[in-house]
Amino acid sequence: MALTATSTATISTLLISLFFLPKIYSSEFTHIRFAKADVDLLEFPLNLEFFEAEFFLYGALGYGLDKVAPNLTKGGPTPLGAKKANLDHFTQDVILQFAYQEVGHLRAIQKVVKGFPRPLLDLSKESFAKTVDAAIGKKLSPPFDPYYSGVHFLLASYLIPYVGLTGYVGTIPKLKAPSSRRLVAGLLGVESGQDAVIRAYLYEHAKEIVSPYGITVGEFTNRFSELRDRLGHQGHKDEGLVVPIPEGAEGKINGNVLAGNIDSVAFDRTAEEILRIVYGSGDEKKPGGFYPKGGNGRIAKSHLN
């Protein structure tokens with residue numbers, strides 16, 4: 001299911017739009033005093049930024065931060081099971097761009113807060129297969145492998161960046177310093193762009209069946225979104241690519257390339273909701289899933305003691 005000329009043009013347009021999003025230049029946040037109350041809120045997203053950086057780097061290149069930017073890992077353990085994905089040229093190009101953007105996000109955050117070592121991440125195909133099985137409600141055969149093809153990798157990519165996006169939306173109102181809000185707004189802008197590119201590609205292929213499962217791309221995304229809502233325990237904050245017309249924009253369309261509430265405003269999540277989702281346990285006190293030993297930082301650790 002390689003990218004078609006139409007999808008290439010669609011995603012190229014979205015990538016061009018990313019160029020005009022606010023950039024976090026190295027000098028912009030250097031020597032700015034951030035409110036102490038903001039530190040924990042600024043550090044927590046590093047957990048997801050590490051995940052995204054490693055998954056995208058390994059998927060595109062076959063190696064991660066240990067080779068690309070070892071200083072950013074702060075000595076944290078190498079991810080488990082990550083490997084190079086079988087991507088067509090265009091998809092690899094897009095994912096590599098995402099990967100380097102995530103490296104920049106890690107650096108931007110670590111410039112203003114101390115941060116913490118990279119948490120142990122389980123990016124193995126077995127870890128993804130377990131999450132996908134939970135979403136579908138049965139064990140798939142063969143087990144879902146995110147590294148098998150471009151569409152498999154992008155479906156797996158659907159699982160995480162959007163969670164970080166909703167986390168940033170939820171964080172901004174809690175920040176005290178304007179400089180903190182500016183940093184997170186800049187991160188949110190690029191994360192939103194990444195999510196839009198992923199969703200746009202998958203939306204074009206929404207009716208295509210993912211072999212050998214007999215399940216369409218669109219249905220996979222719907223099941224993934226339903227799983228995140230179940231694990232988050234805070235109601236409806238997630239939507240797949242095809243929804244009932246009453247749930248679409250202005251209640252007039254079932255296409256849902258971008259998720260949003262009744263007014264098409266992005267949903268928000270708390271740190272606790274995010275932990276419940278990425279742990280796969282529905283409980284911020286029970287690590288697992290992609291984070292076998294839990295997240296790092298004061299917020300995540302506070303739920304493990």
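Pro212 is located in the loop that lies between β1 (209-210) and β2 (215-216), and the peptide bond that joins Ser211 to Pro212 is cis, with an omega of about 5°. The structure described here is a predicted model, and the geometry reported below is to be read accordingly. A cis peptide bond is also found from Ser141 to Pro142, where omega is near 0°; Pro142 belongs to the loop between α6 and α7. Glu250 is placed in the loop between α10 (217-232) and α11 (271-279).

Where pLDDT is low, the predicted coordinates should not be read in detail.

Helix packing was examined for α7 (residues 150-158) and α9 (residues 178-204), which pack at an angle of about 130° with their axes 10 Å apart. Because angles over 145 degrees count as roughly antiparallel and those from 65 to 115 as roughly perpendicular, this angle makes α7 oblique to α9. The crossing of the two helices, α7 and α9, is left-handed. On the side of α7, the contact is made by Val151, Leu154, Leu155, Ser157 and Tyr158, while α9 contributes Ile198, Arg199, Tyr201 and Leu202. When the residues in the contact of α7 with α9 are sorted by class, 7 are nonpolar, 1 is polar and 1 is charged.

The structure holds 9 salt bridges, one of which is formed by the side chains of Arg118 and Asp66, with an N to O distance of 2.8 Å. Arg118 lies in the loop between α5 (89-112) and α6 (125-136), whereas Asp66 lies in helix α4 (residues 65-68), so that the pair ties together parts of the chain that are 52 residues apart in sequence.

Methods. Residues are numbered from 1 along each chain as its sequence is written. This is a predicted model: local features need pLDDT of at least 70, side-chain atom pairs count only at pLDDT 80 or more; totals for chains, interfaces and linings use all residues. Side-chain values use heavy atoms; hydrogens and water are left out. Axes are lines fitted to C-alpha atoms, for helices over the stretch in contact, and angles run from 0 to 180 degrees between N-to-C directions. Helices (H or I, at least four residues) and strands (E, at least two) are DSSP runs, numbered from the N terminus. Angles under 35 degrees count as roughly parallel, over 145 as roughly antiparallel, 65 to 115 as roughly perpendicular and the rest as oblique. A crossing is left-handed if the near helix is turned anticlockwise from the far one by less than a right angle, and right-handed if clockwise. Contact means heavy atoms within 4.5 Å. Ala, Val, Leu, Ile, Met, Phe, Trp, Tyr, Cys and Pro count as nonpolar, Asp, Glu, Lys and Arg as charged, and the others, Gly among them, as polar. A salt bridge is a side-chain nitrogen of Lys or Arg within 4 Å of a carboxyl oxygen of Asp or Glu.
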